[in-house]
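Subject: Structure handover

Hello,

Please find the structure below.

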Amino acid sequence: MNRKLSAAITNVESTQLSKYQKRFFQHWDIIFTRASSELKELRKLCREERAVIKTQETAFWDFHRPDGNLTNRTKHDIRKCMKTKIFTKTDELKYEIELLRLKIEYLNYRKTCRPYSLCQALDNLRQNVYMYEKYDSFIQSDDDYNNVWKTETELAWTKYNAEITPKRVNKWKISAHELLKDPIGVVQFKSFLKSEFSSENLSFLLDNKMYKFCPISKIEQYNMEMFRKYIGPTAEEMINIDSSIVENIKMSIEKSPKSRNIYNKAAEHVLALIKSDSYTRFIKSNYCKNSICT
């Protein structure tokens, strides 16, 4: 009987029933027996009296409707609602029309996007290879005597690391990354910035790169030294970064002082400034042109 009764009530009634069972679990047997006796008495009533009680129950649930999309038992039969819906031909047509509409929207979206073709990617790769071909010692074989990769003497490497050739300077002009990757280029660039009294950005980048490879026991010390030297209010070589980046650095030092990534955003900001300002001035300056002749 309990199974049939629980299958007939709604979700709201079942939750209320479980709530009352937990609240009155000590006296639940008494409540259940009393409810069973009242149910037996209701069955003994005449047809008109049962209709009145059913109408009262319907009015109660019409006023206290379940929240959300729960089924209202007074207007819908639960057994009918639990049946699976049978899709008609009109429903299938509506579904197919909706699919076609979504496909059309997707195709219209693809029309607005410019596809990156394989030919364009290969063309960019070819241009990149041609750009660096003349700087590759393995490809260029016209000067075998001065090619350090084809000699076994240390003197050739020493001369190569100290000599400023037109080929090396032209490689600096490709990008700031090529300039900062070359040790001689870094020295020349730093001396140029010192002549303009603006070498703090490059010094910050070099120190940040160096301290990333320091021992773990010295990371906290290096973080504090970097902050005092470049960011603090009494910094010797204060760099030009946003106040939000400074606040993030302060919070990172307080939370994780032994992290190696505290100054990453500041380094990205400083590198962007160097690329847009200092690097272009260095390439166009007479300092870079005269370094070819020295």
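Which side chains meet in a salt bridge at 2.6 Å, N to O? Those of Arg101 and Glu105 do. A salt bridge here is a side-chain nitrogen of Lys or Arg within 4 Å of a carboxyl oxygen of Asp or Glu.

Some conditions before the rest. This is a predicted model, in which local features need pLDDT of at least 70 and side-chain atom pairs count only at pLDDT 80 or more, while totals for chains, interfaces and linings use all residues. Residues are numbered from 1 along each chain as its sequence is written, and side-chain values use heavy atoms, with hydrogens and water left out.

Salt bridges

Searching the whole structure gives 8 salt bridges. Side chains of opposite charge can pair when their charged atoms come close.

Arg101 and Glu105 sit 4 residues apart in helix α6 (residues 89-112), about one turn of the helix. Helices are DSSP runs of H or I with at least four residues, numbered from the N terminus. Arg101 is partly exposed at 38% relative accessibility, and Glu105 is partly exposed at 43%. The accessibility classes are buried (under 20% relative accessible area), exposed (over 50%) and partly exposed (in between), with a 1.4 Å probe and protein chains only. A network of salt bridges links Arg101 and Glu105 with Glu98.

Asp123 and Arg126 form another salt bridge, at 2.3 Å from N to O. Both belong to helix α7 (residues 118-133), and because they are 3 residues apart, about one helical turn separates them. Asp123 is partly exposed, with 27% relative accessibility; Arg126 is also partly exposed, with a relative accessible area of 40%.

The side chains of Arg168 and Asp182 meet in a salt bridge at 3.0 Å, N to O. This pair links distant parts of the chain, 14 residues apart: Arg168 is in helix α9 (residues 166-172), and Asp182 is in the loop between α10 (176-181) and α11. Arg168 and Asp182 are both buried.

Helix packing

Two packed helices are described by the angle between their axes and the distance between the axes. The axes are lines fitted to C-alpha atoms, over the stretch in contact for helices, and the angles run from 0 to 180 degrees between N-to-C directions.

For α12 and helix α13 (residues 219-231), the axes come within 11 Å and cross at roughly 180°. The two helices are therefore roughly antiparallel (an angle over 145 degrees). On the α12 side the contact (heavy atoms within 4.5 Å) is made by Glu200, Ser203, Phe204, Asp207, Asn208 and Tyr211, and on the α13 side by Tyr222, Asn223, Met226, Lys229 and Tyr230. By class, this contact has 5 nonpolar, 3 polar and 3 charged residues. Ala, Val, Leu, Ile, Met, Phe, Trp, Tyr, Cys and Pro count as nonpolar, Asp, Glu, Lys and Arg as charged, and the others, Gly among them, as polar.

For helix α14 (residues 243-255) and helix α15 (residues 264-284), the axes come within 9 Å and cross at roughly 155°. That angle makes α14 roughly antiparallel to α15. Ile245, Asn248 and Ile249 of α14 make the contact with Lys265, Ala266 and His269 of α15. The residues of this contact divide into 3 nonpolar, 2 polar and 1 charged.

A loop residue

Ser198 lies in the loop between α11 (183-195) and α12 (200-211). Ser198 is buried, at 16% relative accessible area. Apart from its neighbours within four places in sequence, Ser198 is in contact with Leu193 and Arg281.

Regards

Terms used. Parallel < 35°, antiparallel > 145°, perpendicular 65-115°, else oblique.
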